[in-house]
Amino acid sequence: MLLPIVSGGIAAALLTNGVSSTRTSVLQRRQIPPDECTAHLMIDDFASWAEGENSLQGATSDDATLNSTNTDGGTLSFVPNRQELSYVYEQFECIDAVELGYDSVSFTIKGPEAASVSLELQTKADCEATEYESFYYTVNDISGSPQTITVPLSSWTDANLNGLVGFVWFGFSAGMTGTDNQWQLDNFQLLCAGVEPPGEPPVDPPVPPPSPPPPPPAPPTSSTPRPTSTTARPTRTRATPGWPPYPTETDWPWPWDPWDRRVRDEKARAEEKAIAPRADCSIALIDDWASQSRLTFLYYNAMLKPTSDDGTMKSVVISNNKLTLTPQDTDSYFYSQFGCFDARAYGGISVRMTAPAGTKFEVQLSSSKDSSRCDGESTKDDVVTSSSLGWTFNGKEQLYSIPFSKFDGVDFSKFTMVIFSGLNKAVTLGPMAMYCGSTVAEYVAPPIKEPSEPTGTVPAPASTATAALVIDTFGNDETNALGQWHGTEDEGLQLTYKRNTLTLQTSDADLTWQTQIADTCRDLRAYDGAYLHIAYSGSNKFTVAMQQHNAKCDNDAQPYPETWDSLEAARYATDSDIYIPMNHFNIDRSKVIGVALKGFYSSTATVFSKIEIVAKVPSSFKVPVKLPSGTFVFGCKRPNSFAFAIDDGDPAFAQEVMRVIDAAGFKATFFTVGAPLLDPSTNLSAVYKAMEAKGHQIALHSYTHPALEGLGDEAAIDWEYTNDLRAVAQVFGQTQNTKYFRPPFGTEGARMRQRYAALVPDPYIVQWSVDIEDWLWAETSTPEKQIDAFKRDVAAGGSITVMHYLYNSTVSYLPQFIEIAKATGKQLMRVDQCMMDPDAPPLD
């Protein structure tokens, strides 16, 4: 699962093009001492914070990302607006710290007890270079009192210290209580090697009682922080010649750009962009309605900006690059945001629509009201009715335009949002985009192409099996022809047993019907040359799986089943029969439990009349090529191993999760969703880079988190995979190991496995055998039941977890989960290590 990130995305998007400085020229800079240091070099004592200058006459600012800033008493005090958005930067003339003899930085800080803060170091290859790189470091366990922290420059692993040009504080976390978020910064300086470092600041004296006379201030306390280096793979940024370099928007890794804000104000940029429509202007896609889950689970449009109906619509349905909005009433609305988009080169929004005659609604366009920066809390809005736009509807698809000229008062240099409201009837929208100039143009979604697969077949070979094994003739609703149980534990499957048939209908790919072959294990190797035969009518859009028991054939031990192989029924089907070679099921067929029908991706019913193993098939039947489907795992392969496999959650909890795991001294596996990874407002790219730098495994979890096997066609499944692989390559590089994949919601089937194996050779499809059940208990009045669930599955032998850092209770129980796992005597490690993957790093 994944936390839908809506407001965070809005805030960061509005910040991206904001400005906080009115300076239009580079400040004069203090001359850096040219000779080897003999004293510490003050970067900022925050005496000139209000003027935007530091002690080196470089720039410093928070770009209005902090609340309640003041410098009373010569100390910068503030409250971060939001952890993932707030920052303070320091820029200065290039310093060769090696040549001049500076070996550390020091600063006085006060923050919430047990909080953390990260510090980015920006360096160039040398002081003549025009490019810089960023490196990251995190200080944990802030004491809650004023303290002086010294960080050796060598802590920024691999950073070049011959060209320091800036620092950025970010990631100001909440402390132990979760409510205290007051911070102070002072005396930020480069320390000269061999010179006595600065001492600790005095602790604030206690408030004296009325009498007796107040006691003297308490002596200074010494605090030794336990900083943990979180250096991440550096992000190289192109720069223009001169001082300082200006990163491009696409290269800048954070949702802010202090370099650009410092030297170019809004007026200057407006003059640059308002000369004429840009020659390079191209249609700007807002949404192509490519994914239901992107829209209604992650609440993203194609720009990865917030979009939603906020639950006001009766239904919001995507199909074939079209969105159908069915209103609950005229209070229903739907919006799509753009962050803070400069749309002055554009003339309007184009969108194809289909709506019945008499349809009416309103269109609202909004922009930021703030003249100096984008502010989502304060907007300029104008509303125009569909009738005023000259729109009429007749039930046929037509191209419509929303001309910007019709909307008075909207500042299209800070365009933020379009809203459709007051709909009196259902409306279907095609792709929505901004067109250049005054000529209406539309975005046309590329045609959907089904992926190609091997189509070869071979004549069915004869079997050496001497007799058929009839498994199920559906004589009753409780047992099969072998006297074993058949049925489902899933709610939502519509089952009808009648006259030796089973009619099964569902639109949920996560539901399963099973028929058991044995109480525990049955050896079916005698049927290796035979065929599993299923007589049916109706839909063949489902998966047939053969299940394998665990090594001990123990129904009370985890995992149970240990694995199964899933094959696509339609590939092996005629109009009335499905014939699957037994040796196409890539499992240990000496430990078979049963057969499962699952992964239904059509709501059309299927009627089953027999399941059996037969020695012969019709002479006309051709056996399709067996498609690779990866290794499907629930538990570790390595003896006495245990893997914490953690799915995406709330970025605000990520630092605490890393801190707990670091303290426990083991490596974990994190499954990340691609779209939020690319959204700067989540800060997940930096979080996961830091995790990877610490030795944790980063694995894949789809692009928008849909139930993959339930998607209508393989093109939609491939869209998820290709975008996810592209996102991971963009963040971590082309060489990132992508073999490990966890299906969203655990929804598995033949198509999703086959398509991933077609794109990534020899993948591992990773499920779990320890379910913390955070999705069930975390937000109830009994969150401690998560501990009970963890203990239950660990006691049964489970060795791979599923959990999400979505909830405070789950994260707070993480130390207990770890202790319970360690108490088993098993070694904690990454999933690839516990699978004994030869490409995994060696164990510590």
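Okay, so a disulfide here is a pair of cysteine sulfur atoms within 2.5 Å. Keep that in mind while we look at this predicted model, where local features need pLDDT of at least 70 and side-chain atom pairs count only at pLDDT 80 or more, while totals for chains, interfaces and linings use all residues. Residues are numbered from 1 along each chain as its sequence is written, and side-chain values use heavy atoms, with hydrogens and water left out.

How many disulfides does a search of the whole structure find? Five. One of them joins Cys281 to Cys436, with 2.0 Å from S to S. The torsion about that S-S bond is about -90°, so this disulfide is left-handed. Cys281 sits in the loop between α4 (266-273) and β12 (284-287), and Cys436 is in strand β22 (residues 427-436), so the pair ties together parts 155 residues apart in sequence. By the way, helices (H or I, at least four residues) and strands (E, at least two) are DSSP runs, numbered from the N terminus.

Is Cys281 buried or exposed? Buried, at a relative accessible area of 17%. Buried means under 20% relative accessible area, exposed means over 50%, and partly exposed is in between, with a 1.4 Å probe and protein chains only. Cys436, at 25%, counts as partly exposed.

Another disulfide is Cys636 with Cys834, their sulfur atoms 2.3 Å apart. This link is left-handed too, with -85° about the S-S bond. Cys834 is buried, with a relative accessible area of 0%.

Now, on to helix α12 (residues 785-795). Its buried residues include Ile787, Phe790 and Val794. The buried residues of α12 cover an arc of only 160° around the axis, which puts them on the same side of the helix. That arc is taken from the directions from the helix axis to the C-beta atoms. Here's the general idea: an α-helix has 3.6 residues a turn, so residues three or four places apart point the same way. Covering the buried residues of α12 are, among others, β44 (801-804) and α13 (808-823).

Phe790 turns up again in the largest nonpolar core, which has 54 residues. A nonpolar core is a set of buried Ala, Val, Leu, Ile, Met, Phe, Trp, Tyr and Cys residues joined through side-chain atoms within 4.5 Å. Phe790 is among the residues that touch the most other members, and so are Phe670 and Leu814. Which helix gives the most to this core? That's α13, with seven residues.

Key. Contact = heavy atoms within 4.5 Å.
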